[in-house]
Amino acid sequence: MLTAFARAFRTPDLRRKLLFTLGIIAIFRVGSVLPTPGVSYSAIDICLQQVSGNNLLTLVNLFTGGALLQLSVFALGIMPYITSSIIIQLLTVVIPRLEALKKEGQAGQQKMTQYTRYLTVGLAILQSTGLIAIARVPGQLFTNCAEDLVPQENIATILTMVITMTAGTAVIMWLGELITDRGVGNGMSLLIFTSIVAGFPGALQGIYQTRNAFTLIMVLLVGLVIVAAVVFVEQAQRRVPVQYAKRMIGRRMYGGTSTYIPLKVNQAGVIPVIFASSLLYLPTLASQLVGPDSALSGVLQRYFVTGTHPIYVLSYLALIIFFTYFYVAITFNPTDVADNMKKYGGFIPGIRAGRPTAEYLDYVLSRITLPGSLYLALVAVIPIIAFALIGANQATFPFGGTSILIMVGVGLETVKQIESQLQQRNYEGFLR
């Protein structure tokens with residue numbers, strides 16, 4: 001990896017792209033700490049030093065690199081765009097118009113991207129309004145902290161805050177697209193990667209201060225093992241061989257080549273973990289709505305809100321496994337793949353084209369999805385195990401759950417893109 005980056009910096013074109021990407025990332029981090037008008041940052045500093053954030057917002061705060069609890073201009077981070085992309089992707093399965101756009105190629109993809117942007121702005125308005133409503137009430141955003149985070153609660157101030165945070169989300173979308181077009185690619189993913197990595201120093205410092213140097217070293221060693229295991233599984237795939245028959249078109253012979261369909265063990269990525277985490281936040285919301293004196297609130301607080309009860313862990317595991325199968329089922333259609341193979345004269349050796357091919361692909365995908373779902377579930381509960389061993393959680397233990405999956409996935413994809421661009425520029429051809 002270091003060799004690839006060194007070679008990239010020696011190539012003028014790639015060097016400009018890397019420096020441009022680093023400049024956009026620097027602007028993104030500045031916006032993450034830029035104060036939002038109407039927010040008392042002295043009160044936020046006091047609350048950050050006294051207590052931890054609301055458990056309901058821990059995952060979102062992870063994706064914003066700590067900007068959410070600081071109520072900065074980029075407080076919402078990239079989460080509205082992620083939510084919007086997931087919603088559009090799910091609606092593609094049930095709305096024929098979106099499914100038709102998906103099959104129209106580049107023009108249809110541009111139209112779906114435009115819909116995603118519009119939905120992102122709408123979600124940003126809703127989420128910024130909800131975040132400000134929580135911050136206005138002392139003790140809601142920061143548990144047991146009675147500081148007044150929004151001193152002036154008039155309509156003009158609140159409207160300015162909503163517009164500022166929504167505009168911040170729009171700027172983040174623009175920055176991500178700039179990285180994709182003029183940088184090294186994967187703009188949105190790199191911004192998420194940056195937000196997560198930004199929380200690493202604070203998390204490691206917190207472990208060192210609350211525990212000792214030996215615990216910190218053990219956490220780093222465990223983190224390296226987890227990263228190595230995640231890289232191994234993320235690269236694992238089942239290659240289904242495909243043979244294309246020879247066809248005579250005009251005076252030329254086409255086909256006769258062999259290739260394969262790469263089916264990854266973790267075909268769903270990090271989406272099942274996000275879905276399961278979001279669904280398990282509903283009991284926390286319900287306990288706040290029914291009130292602390294209710295019997296239902298006591299049951300929810302005991303089994304689901306703390307996050308360490310065996311019922312919570314088992315529910316978390318079951319939801320991750322379910323959403324893994326669900327997401328793979330809606331994103332990979334074996335029937336479409338089999339039809340496309342049959343259309344171009346492709347077949348799997350030993351399997352008849354058409355319906356038998358679709359059934360075989362569905363069988364193979366179901367077999368490899370099981371270890372993939374178990375792998376996601378195991379990685380997701382690592383912060384819970386860390387909580388039991390060293391008193392950490394997902395906010396203070398960086399090597400586990402959603403964060404490590406995103407970091408490894410984005411890191412591998414970025415390195416692949418840089419290496420592919422290096423190969424294009426350094427290819428000498430047969431004339432040499």
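Which residues in helix 8 are buried? They are G108, M112, T116, T120, L123, A124, S128, L131, I132 and A135. Buried means under 20% relative accessible area, exposed over 50%, and partly exposed in between, with a 1.4 Å probe and protein chains only.

**Before moving on**

This is a predicted model, where local features need pLDDT of at least 70, side-chain atom pairs count only at pLDDT 80 or more, and totals for chains, interfaces and linings use all residues. Residues are numbered from 1 along each chain as its sequence is written, and side-chain values use heavy atoms, with hydrogens and water left out.

**Whole chain**

Show the cartoon. The protein chain has 20 helices and 5 strands. These are DSSP runs numbered from the N terminus: helices are H or I with at least four residues, strands E with at least two. The chain has 432 residues, and 43% of them count as buried. Among contacts with a separation of 6 or more, 70% come from residues 24 or more positions apart. Now switch to the surface. Its accessible area is about 22900 Å², with 63% belonging to carbon and sulfur atoms. Areas come from the Shrake-Rupley method with a 1.4 Å probe; for residues, only the protein chains shown count as cover.

**Helix 8 and its neighbours**

Select 106-136. Helix 8 has 31 residues and reaches 45 Å from its first C-alpha to its last, close to the 45 Å expected at 1.5 Å a residue. The expected span is 1.5 Å times one less than the number of residues.

A salt bridge is a side-chain nitrogen of Lys or Arg within 4 Å of a carboxyl oxygen of Asp or Glu. The pair links distant parts of the chain: E177 sits in helix 9 and R117 in helix 8, 60 residues apart. E177 is partly exposed at 24% relative accessible area, and R117 is partly exposed at 34%.

The structure holds 4 salt bridges. Select E234 and K264 for another one, with the closest N and O atoms 3.9 Å apart. E234 lies in helix 12 (213-235) and K264 in strand 4 (258-264), so the pair ties together parts 30 residues apart in sequence. E234 is buried at 9%, whereas K264 is partly exposed at 32%.

Next, select D13 and R16. This salt bridge has its closest N and O atoms 3.8 Å apart. Both residues lie in helix 2, 3 residues apart, about one turn of the helix. D13 is partly exposed at 27%; R16 is exposed at 55%.

**Further along helix 2**

Select S32. S32 is also in helix 2 (12-33). Is S32 buried or exposed? S32 is buried, at 1% relative accessible area. Leaving out residues up to four places away in sequence, S32 touches T64, A67, Q70, S72 and F74.

**Positive phi**

Most residues other than glycine have a negative phi. Select L71, where phi is positive at about 55°. L71 is in the loop between helix 5 and helix 6 and is buried at 1%. Then go to N186, which has a positive phi near 55°. N186 is in the loop between helix 9 and helix 10 (187-198).

**Aromatic cluster**

Select F275, F322, F323 and F326, which form one aromatic cluster. Rings of Phe, Tyr and Trp (its six-membered ring) pair if their centres lie within 6.5 Å; planes under 30 degrees apart are stacked, over 60 edge-to-face, and the rest tilted. The structure holds 6 aromatic pairs. F275 and F323 are edge-to-face, 5.4 Å centre to centre with 75° between the planes. This pair links helix 13 (271-280) to helix 16 (310-331), 48 residues apart. F275 is buried at 15%, and F323 at 12%. F322 and F326 are stacked, at 6.2 Å and 15°. F326 is partly exposed at 34%.

Methods. Contact = heavy atoms within 4.5 Å.
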